[in-house]
Amino acid sequence: MHEWLESPTGRYLLDWEQQRCDEAVADVFGYHSLQLGLPMLQGLRANRMPQRWLAVESMDATAAALPGCAVHAVLEPSALPFAESSLDLLVLPHTLESTCDPHGALREVARVLVPEGRAVIFGINPASWWGIQSAVTPRGTRLPDVRSAIGYWRLRDWLRLLALDVQAVEFGCHRPAVQSLQWHERWGWMDALGERAWPILGGVYCVVATKRVPGMRLMEPAWRQRAPATAAAAPLAHRRNRKI
């Protein structure tokens with residue numbers, strides 16, 4: 001994926017995702033946050049948690065060559081080395097598309113998030129102009145590859161099964177994917193039109209989900225719930241004073 005991110009379409013996608021991510025994480029509070037993948041995106045820069053980590057699945061040349069990019073860990077998304085309920089925020093920019101076990105990675109997200117913790121997930125939308133272009137364009141072309149993309153509706157079903165409640169979803173990047181900067185600018189009018197007419201057909205989506213843990217209430221025996229019977233107050237009969 002890193003190769004086509006250097007194209008005008010890739011920079012266009014990163015700009016859109018950076019803005020959405022800044023808005024999504026700005027009001028998330030806690031102590032520990034983690035961005036898993038895509039070091040070109042500064043997913044935690046707008047967050048104020050004291051512990052903010054960046055992890056990648058493999059320390060490739062792209063991640064190592066980024067100036068000022070401090071990668072704290074190399075780990076497998078489907079086997080996170082964190083205790084249960086230990087992270088307050090997780091940012092996954094196209095992480096599910098790059099891993100061989102996306103459902104296992106989501107299970108790990110649900111495991112390590114604290115109750116009411118938040119996950120911000122970015123993914124390529126296969127039901128978009130980019131999906132059509134990828135299906136009819138030779139693989140050698142520097143365009144988004146949707147072969148491993150996960151559609152929004154499928155992702156939402158996975159999240160529901162893991163008790164991750166979708167709080168917000170937004171689609172963006174409605175221009176066709178092109179390699180020429182000139183043609184990229186010519187298609188700029190499609191952004192405003194797409195947001196009004198067909199927002200769900202955007203090339204990328206941003207999903208914000210919260211971990212829900214149902215509360216528990218101890219059930220008492222039925223005889224304990226009954227109010228104790230109180231004796232009715234009997235009126236005292238007025239006695240007449242007898243004269244002796």
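## Basis

In this predicted model, local features need pLDDT of at least 70 and side-chain atom pairs count only at pLDDT 80 or more, while totals for chains, interfaces and linings use all residues. Residues are numbered from 1 along each chain as its sequence is written, and side-chain values use heavy atoms, with hydrogens and water left out.

## Nonpolar core

Within the largest nonpolar core, which has 28 residues, the members that touch the most others are Leu90, Leu96, Leu106, Leu155 and Leu159. Such a core is a set of buried Ala, Val, Leu, Ile, Met, Phe, Trp, Tyr and Cys residues joined through side-chain atoms within 4.5 Å, where buried means under 20% relative accessible area, exposed over 50% and partly exposed in between (1.4 Å probe, protein chains only).

## A buried strand residue

Ala55 lies in strand β2, residues 51-56 (strands are DSSP runs of E, at least two residues, and helices runs of H or I, at least four, numbered from the N terminus). Ala55 counts as buried because its relative accessibility is 1%.

## Aromatic contacts

The structure holds 5 aromatic pairs, and one aromatic cluster is formed by Tyr152, Trp153, Phe171 and Tyr205. Rings of Phe, Tyr and Trp (its six-membered ring) pair if their centres lie within 6.5 Å, with planes under 30 degrees apart counted as stacked, over 60 as edge-to-face and the rest as tilted.
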